[in-house]
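Hello,

Here is the structure we spoke about handing over. Please look at it first, and then read the notes below.

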Amino acid sequence: MDDQALRELMREYQSGRFEAFDAIYAAVAPSLRRYLLSQARDAAKADDLVQETFLQIHRARHTFDPSYPLMPWAMAIARHVWLMDRRTLSRRPWAPEDVNALELPVRAEAASLADRVEVRRALGQVAPSRRDAVIQHHLLGFSFKEIADRAGIAETAAKLRSSRGIAQLRALMKVPKVRKAEK
Amino acid sequence: MTDDALRLSQELRDRLAADFQPVRPLRSPWMRTLVVVPVAVIALFAASITFNVRSDAERLGWIGVWGLSVLQFAIGLGVVAAALRESVPGRGWSRAAIAAWLAIPLGAMIAITLFSWETSQVMVRRQWWLVAGLCFSGSAATALPVVALSAILAARAYPTRPAIAGALFGAGSGLIADAGWRVFCHFGEPAHVLSAHLAAVVMSAAIGSLLSMRLARA
């Protein structure tokens with residue numbers, strides 16, 4: 001898609017046509033992901049950062065001037081998201097790096113030792129940013145707002161990281177997704 | 001892109017759609033700088049209205065007093081406009097340009113001070129620290145409303161380098177405030193102006209930088 005078409009889409013997005021977001025996402029996300037992957041060198045992390053970048057693009061959509069190209073604007077936001085994430089990580093050793101040091105709550109009726117080992121093993125394989133969100137929310141009891149504040153990300157991004165972490169954990173432990181009707 | 005990421009983009013889309021509203025695109029940095037002008041004009045006249053016009057005004061003439069102050073004021077507004085452009089993603093200045101924008105207030109102050117000193121040599125003879133303290137605090141305090149308004153305007157954009165944007169609009173605001181303060185302060189001695197008055201501009205830049213970082217985190 002050429003730059004003129006992207007600018008037009010962005011103009012429509014600003015004026016309230018949300019469907020333009022899909023087209024912008026499809027056109028811009030691969031480049032942003034390539035850039036973020038080159039910085040983060042971790043596919044899961046890059047995916048998270050792409051999501052966060054689009055959240056910030058949404059927040060900052062009023063700052064786009066359609067008389068200028070879209071990509072430098074989007075890239076500047078992606079770079080900002082990456083730098084903020086890196087700065088936050090360097091200041092925040094508050095989620096345990098070693099999952100073996102975690103005291104994991106396991107149901108009484110379960111074969112506790114085996115279950116703990118299994119949960120730790122799976123947790124160790126979850127992408128670090130997602131694992132942090134899962135541990136902080138589900139084990140340490142922090143709210144998503146607190147997690148977002150500490151990580152310097154949007155609350156929505158904290159929720160996304162946690163839900164993706166849980167989904168990954170489920171897949172690793174081969175736990176079927178619980179349907180609402182079965183609850 | 002991975003399937004996982006594509007699936008979650010749908011989740012993201014739903015979340016964004018939930019609080020979606022049309023927005024009015026931000027005006028150009030120059031247009032947004034015009035919002036600062038009324039407060040900046042008050043800062044320009046504040047000291048001379050509250051106290052008086054400098055005692056050597058006759059010797060300096062209209063150009064030496066008001067002409068140079070208006071020039072300094074215009075340069076200050078230019079630096080604020082540069083800061084508001086810096087606040088827009090993708091419109092940031094290069095390192096060389098940032099250095100130039102920060103050097104402009106310094107150069108302008110030195111040039112205006114030396115020009116005034118050529119025409120009228122009024123030295124601080126007694127209690128230089130008291131005079132310096134008054135000029136520093138007065139000039140810095142006058143700059144605060146301009147710094148605050150510029151900070152709000154910059155934060156409404158999306159500064160990806162808030163410290164730099166803040167330092168720029170702080171320096172610009174300091175220059176604007178000092179343009180007014182020099183109309184009142186008749187001590188044209190370079191040692192006084194380039195310490196007390198310049199320190200007020202540096203202080204404004206530091207306050208602007210801190211305020212901008214604070215607002216960017218909020």
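**Chain B overall**

Chain B has 7 helices and 0 strands, where helices (H or I, at least four residues) and strands (E, at least two) are DSSP runs, numbered from the N terminus. Along the sequence, the pattern of chain B reads α-α-α-α-α-α-α. This is a predicted model, in which local features need pLDDT of at least 70 and side-chain atom pairs count only at pLDDT 80 or more, while totals for chains, interfaces and linings use all residues. Residues are numbered from 1 along each chain as its sequence is written, and chains are lettered from A and ligands numbered from 1 in the order in which they are written.

The C-alpha trace of chain B spans about 75 × 25 × 25 Å along its principal axes. Chain B has 218 residues, and 46% of them count as buried. A residue is buried if 20 or more other C-beta atoms lie within 10 Å of its own, exposed if 12 or fewer, and partly exposed in between, with C-beta atoms placed from the backbone. Two residues are in contact if their C-beta atoms, placed from the backbone, lie within 7 Å. Taking the contacts in chain B between residues at least 6 apart in sequence, 91% join residues at least 24 apart.

**A helix pair in chain B**

How do helix H2 and helix H5 of chain B pack? Helix H2 (residues 29-50) and helix H5 (residues 128-156) of chain B pack at an angle of about 170°, and their axes are 10 Å apart. Axes are lines fitted to C-alpha atoms, for helices over the stretch in contact, and angles run from 0 to 180 degrees between N-to-C directions.

By class, the contact of H2(B) with H5(B) has 12 nonpolar, 3 polar and 1 charged residues. Here Ala, Val, Leu, Ile, Met, Phe, Trp, Tyr, Cys and Pro count as nonpolar, Asp, Glu, Lys and Arg as charged, and the others, Gly among them, as polar.

B:Leu153 lies in helix H5 of chain B. B:Leu153 counts as buried because it has 20 C-beta neighbours inside 10 Å. Not counting residues up to four places away in sequence, B:Leu153 touches B:Arg32, B:Val35 and B:Leu84. B:Leu153 and B:Val201 are 48 residues apart in sequence, and their C-alpha atoms are 20 Å apart in space.

Chain A has 8 helices and 0 strands. Of its 183 residues, 36% count as buried. Among contacts in chain A between residues at least 6 apart in sequence, 60% join residues at least 24 apart.

Chain A is divided into domain 1 (3-91) and domain 2 (99-177), with bounds from an automatic or database domain assignment. Domain 1 of chain A gives 8 residues to the contact and domain 2 of chain A gives 11 residues. On the domain 1 side, helix H3 (43-59) and helix H4 (70-91) of chain A are the elements that give two or more residues. H3(A) supplies the largest share of that side, 6 residues.

The contact between the chains takes 25 residues from chain B and 32 residues from chain A. The chain B side has 15 nonpolar, 5 polar and 5 charged residues.

Regards
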